[in-house]
Amino acid sequence: MPKDNVNHPEHYTKHPSGIECIEVTRHMGFNLGNAIKYIWRADLKENTMEDLEKAKWYINDEIKKRKGNNLTSPNTEFTCKKCGNKYEGYVYTGYCGFCTFTKQQNKRNRKNEKS
Ligand SMILES: [Zn+2]
C-alpha cells in the first residue's frame, strides 16, 4: 500500500489489534476520544511519556467538566432544554446543537434589526 500520511499515517494502522483508533473514538466525546487516541499510540510513536501525560490531561479535563455540570453518572442520554429531543452523549450547555445554533442566529438577527 502506498504511503498516505493524511488519511492513513503509519502509526494509525500499526496497533496490534488491527483496528484504527478512529473507528472507536468517533463514537465518543472530544476529551475521551483524545485520551483514547494518546493511550492508543503511546507505544507506537516515540513520545510515549508525553502521550500518556496528554491522555491524563484530557481525562482530568473531562472529570472537571462532568463534576462541574453534575454529570457524574454513566447515563449518556440528555434531553435538550429547549426542543425536548433526546440525544446521546453529554452536552454541557443543556441545549442540542440545533437549538444552540438557532439561538445564536436569533441573537444575530436582533442585533442586525437594531442597526
Ligand atoms: Zn434542542
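Is Asp 51, with its C-beta neighbours inside 10 Å, to be classed as buried, exposed or partly exposed? In this predicted model, Asp 51 counts as partly exposed because 19 C-beta neighbours lie inside 10 Å, whereas a buried residue requires 20 or more. The residue is located in helix α3. Beyond the neighbours within four places in sequence, Asp 51 has contacts with Tyr 38, Arg 41, Ala 42 and Lys 45. For the pair Asp 51 and Tyr 38, a sequence separation of 13 residues corresponds to a C-alpha to C-alpha distance of 5.1 Å.

The overall architecture provides the setting for this residue. Four helices and two strands make up the secondary structure of the chain, and from the N terminus on these elements follow the order α-α-α-β-β-α. The chain comprises 115 residues, of which 7% count as buried. Among the contacts in the chain with a separation of 6 or more, 25% join residues 24 or more positions apart.

Helix α3 spans residues 48-68 and contains 21 residues. The distance from its first C-alpha to its last is 30 Å, close to the 30 Å expected at 1.5 Å a residue. Just after α3, a positive phi of about 55° is found at Asn 70. Helix α2, formed by residues 30-41, has twelve residues. Its first and last C-alpha atoms are 17 Å apart, close to the expected value of 16 Å at 1.5 Å a residue.

The packing of α2 and α3 was then examined. The two helices pack at an angle of about 160°, and their axes are 8 Å apart. This angle makes α2 roughly antiparallel to α3, because angles over 145 degrees are assigned to that class. The crossing of α2 past α3 is left-handed. On the α2 side, the contact is made by Asn 31, Leu 32, Asn 34, Ala 35, Tyr 38, Ile 39 and Arg 41. The α3 side contributes Asp 51, Leu 52, Lys 54, Ala 55, Tyr 58, Ile 59, Asp 61 and Glu 62. By class, eight of the residues in the contact of α2 with α3 are nonpolar, two are polar and five are charged. An α-helix has 3.6 residues a turn, so residues three or four places apart point the same way.

Burial within α2 was considered next. The buried residues of this helix are Ala 35, Lys 37, Tyr 38, Trp 40 and Arg 41. The buried residues of α2 pack against both α3 and α1, the latter consisting of residues 21-25. Tyr 38 and Arg 41, two of the buried residues of α2, are also among the residues in contact with Asp 51.

With 18 other C-beta atoms within 10 Å, Cys 80 is partly exposed. The C-alpha atoms of Cys 80 and Cys 99 are 8.1 Å apart in space, while the two residues are 19 residues apart in sequence. Lys 86, in contrast, is placed in strand β2. Lys 86 counts as exposed because 10 C-beta neighbours lie inside 10 Å, and the exposed class extends to 12 or fewer. Apart from neighbours within four places in sequence, Lys 86 is in contact with Glu 77 and Thr 79.

Terms used: Residues numbered from 1 in each chain as written. Predicted model: local features only at pLDDT ≥ 70, side-chain atom pairs only at ≥ 80, totals over all residues. Expected span 1.5 Å × (residues − 1). Contact = placed C-beta atoms within 7 Å. Axes fitted to C-alpha atoms, helices over the stretch in contact; angles between N-to-C directions. Parallel < 35°, antiparallel > 145°, perpendicular 65-115°, else oblique. Left-handed = near helix turned anticlockwise from the far one by under 90°. Nonpolar A, V, L, I, M, F, W, Y, C, P; charged D, E, K, R; others polar.
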